[in-house]
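This report concerns the pockets and the ligand surroundings of one protein model. Please consult the sequence and structure shown here.

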Amino acid sequence: MMKVAVNEPDLCGNEKKYLDECVDTGWISSEGPFVERFEREMALVCGRKHGIAVSNGSAALDAALLSLSLPEGSEVIMPAFTIISCASAILRAGCVPVLVDCGNRTWNMDTDQIESKITSKTRAIMAVHIYGLPTDMRPVAQIAQRYGLKVIEDAAEAIGQTCYERSCGSWGDISCFSFYPNKHVTTGEGGMILCDDDELADRCRSMRNLCFIPERRFVHYELGYNFRMSNLQAALGVAQLEKLDETVKKKRHIGAKYQRLFSGLAGLELPLHKTEYAENIYWVFGLVLGDEISIDAREFTKRLGPLGVGTRPFFWPMHEQPVLLDRGLFGGERYPAAERIARRGFYIPSGVALTDEQMEYVACQVASVLEVS
Ligand SMILES: *Cc1c(COP(=O)(O)O)cnc(C)c1O
């Protein structure tokens, strides 16, 4: 039996060389030269003025929200189908998350539903690119402009992706990334904020570094965090970024091959290969079980495990999160598309190190479970 992990990173470029450089020079903290280099190069990739490296993607969202200094109680519109980090960043900044359902096929925030959620308290829209297909950013930008809202972009799953041929990570007033090992660029743990505004960038830098002030060390006017990225992490990031084009090509190859392998199978809904604004980059390859399949994703993946196929469930919608319901949020709200894919969806091994042989094995095993379901 073959064993295929849900993700394996590829560290075969200059990662080791640059890490050696850190150890040889003794630069291991956030003061080392790779940090600024990584920030500069990420900003360049996305055509932004500023890059602020942080300790992880969730911290990037936290710092981004705080840097906007939205008034207490401001409403921030966000997708129901995403990771908890998005909602927690909004809440920790003293704001209120307001949800929008996802599209049935795109799995991304349905931008047609945004306007109906705008109230006099709305101050921002958080757009999150999901699973390798971007949110349709043109309507998001138009609505934001019409109502004077800030746009926060979570591009963690869309490093190297574009929307209308413009880089993901260039659409937000402030844009966030994660470099967790399953992301297209990894630093083990890590994150980045990109923006063009000098003041926002300064606020983020301050938030990441305990709000030290240059004039008087250890005297503070605001409470910040230690969200700093180390030189070791940034060294990995610089090496990873050198291979981004190759990584994107590889991910698209994985996506296209899985599409072919699964094309004849009934009962499976596959990711959209493209939309009018983007071609899928397949951050992960998701599958959604059709209504005719008698078991749900939980049971399906439980059967795949013993066959050596690693899987992950889809995100669980925000309006069904116990921790958020406990805070009195989203009571009685329904988001049917998010509810459906959360119950019927999971993703299969999609890491950049995946081989054709492994994909063929995975497809075979999925087909075999499907046959008896
Ligand atoms: C991975 C991810 C995050 C969180 O990043 P961490 O580095 O794990 O904190 C945030 N948003 C999205 C969309 C992600 O995929």
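## Basis of the values

The model is predicted: local features need pLDDT of at least 70, side-chain atom pairs count only at pLDDT 80 or more, and totals for chains, interfaces and linings use all residues. Residues are numbered from 1 along each chain as its sequence is written, and side-chain values use heavy atoms, with hydrogens and water left out.

## Largest pocket

The largest pocket has a volume of about 510 Å³. A pocket is an open set of points on a 1 Å grid over the protein atoms alone, where a 1.4 Å probe fits, with protein on both sides within 12 Å along at least five of seven lines; lining residues have an atom within 4 Å of a point. A volume is the space filled by probe spheres set on the points.

Its lining comprises 28 residues, with Ile83, Ser178, Tyr180, Asn182 and Lys183 nearest the centre. By class there are 13 nonpolar, 10 polar and five charged residues. Helix H3 (57–67) and strand E8 (174–178) each give at least two lining residues; helices (at least four residues) and strands (at least two) are DSSP runs. Domain 1 (15–242) and domain 2 (244–371) each contribute at least three residues to this lining, the bounds coming from an automatic or database domain assignment.

## Second largest pocket

The second largest pocket holds about 390 Å³ of space. Of its 15 lining residues, Ser30, Glu31, Arg208, Asn209 and Arg228 are the closest to the centre. Helix H2 (33–46) and helix H6 (198–208) give two or more residues each, and H6 supplies the largest share, three residues. The lining has five nonpolar, four polar and six charged residues.

## Ligand surroundings

Residues around the ligand (a heavy atom within 4 Å) include Asn56, Ile83, Val128, Lys183 and Gly190.

The ligand taken alone exposes 380 Å², of which the protein buries 89% (Shrake-Rupley method, 1.4 Å probe).

Key: Ala, Val, Leu, Ile, Met, Phe, Trp, Tyr, Cys and Pro count as nonpolar, Asp, Glu, Lys and Arg as charged, and the others, Gly among them, as polar.
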